[in-house]
Amino acid sequence: MIDYKTINLGHGSGGLMTQNLLDAIIFKAFSNPYLDKKHDGAVVKIEGKIAISTDSFVVSPIFFRGGNIGELAVNGTVNDVAMCGAQPKYLSLAFIIEEGLLVEDFIKIVNSIKDTAETCGVQIITGDTKVVERGKGDQIFINTTGFGAVNPKGNIGAKNIKVGDKIIVNGSIAQHGMAIMSQREGLEFESTIVSDTTNLNFIANDLINEFGHGIHLFRDATRGGLASVLTEIASEIKKGVSIIETDLPLDRQVAAACEILGLDPLYVANEGVFITIVDQYIADEVVKWMQKDSKGKQAVCIGEITEAHPGKVVMTSTIGGKRIVSPMIGEQLPRIC
């Protein structure tokens, strides 16, 4: 039982208050054979190739329409492991908490992490908790590291991409970024936009099981949005990327919010959107298959890999003209994930 309304420095001291916080909230929520040993680490067995990814989450506000920083921390790292062609199984979890955070809010975040981890099919097996002085953080930061076995049926990597491959996106872009911006001080406007934060590990793994080596690449379009992912790929493979603006899935409310704020939805962060680059001969089949999955209902082919304009992304606009989609310079939307 926690007798405090807020987290204070004593909860990060390593003493009785720390143990009380861990026992009453963290160990209680995430109890499993690995964590219950209360060791500094965990020993697990994973066969075959292993994918590992780590990420830190500093989103502001920590509670937003459609989710919170805890849910985001799990989904974000789970998805990064999934984009490697692996099925995530374990997570490490580290909190950096600012003195003064309401214990009630911390419990909400922890419970959200628990629920999201269960949805994703992953276990929290080790972690860390630190408390910093008031003013030295922003309520709470979270770091997660994910581990999972690579699906042997797949061969995910940019080296597999070839001219003619099709680019498929699973859903509406820019929702997460605009959900965050709609709640920020001074930028509030009437909106029902919610974050698209969700786990993509099952749809990605099922795509590999279904189409094998025909799936050439996965990439989730988080910070920097779809534009950053595509420009990075074009630069890496030294081939051109052609996309069509009218084919981009974009919710009307999101488009309107972007216009009000002068933002290009191509550069706005997502947390439930990924692209897959596939062999041209199976592209139609992949789209139809994805549309049957709850995480791919809006799946659509948005473009292809081309020999033209190597290393660049070119978009055909709604009026038929062409524009180069440039890499993002600087930070369009800070503290978005």
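The C-alpha centres of domain 1 and domain 2 are 28 Å apart. Domain 1 covers 9-150 and domain 2 covers 158-325, with bounds taken from an automatic or database domain assignment. This is a predicted model, in which local features need pLDDT of at least 70 and side-chain atom pairs count only at pLDDT 80 or more, while totals for chains, interfaces and linings use all residues. Residues are numbered from 1 along each chain as its sequence is written, and side-chain values use heavy atoms, with hydrogens and water left out.

Extent of the interface
- Contact (heavy atoms within 4.5 Å) links 23 residues of domain 1 with 24 residues of domain 2.
- About 1900 Å² is buried between the two domains, and carbon and sulfur atoms give 53% of this area; buried area is the accessible area (1.4 Å probe) that two parts lose on being put together, summed over both.
- Of the area that domain 1 buries against domain 2, 37% comes from Arg65, Met83 and Gln87, more than from any other three residues.

- Nine residue pairs, both residues at pLDDT 80 or more, are in polar contact between domain 1 and domain 2. A polar contact is a pair of N or O atoms within 3.5 Å; within protein, one must be able to donate a hydrogen and the other to accept it, and residues adjacent in sequence count only if both atoms are side-chain atoms.
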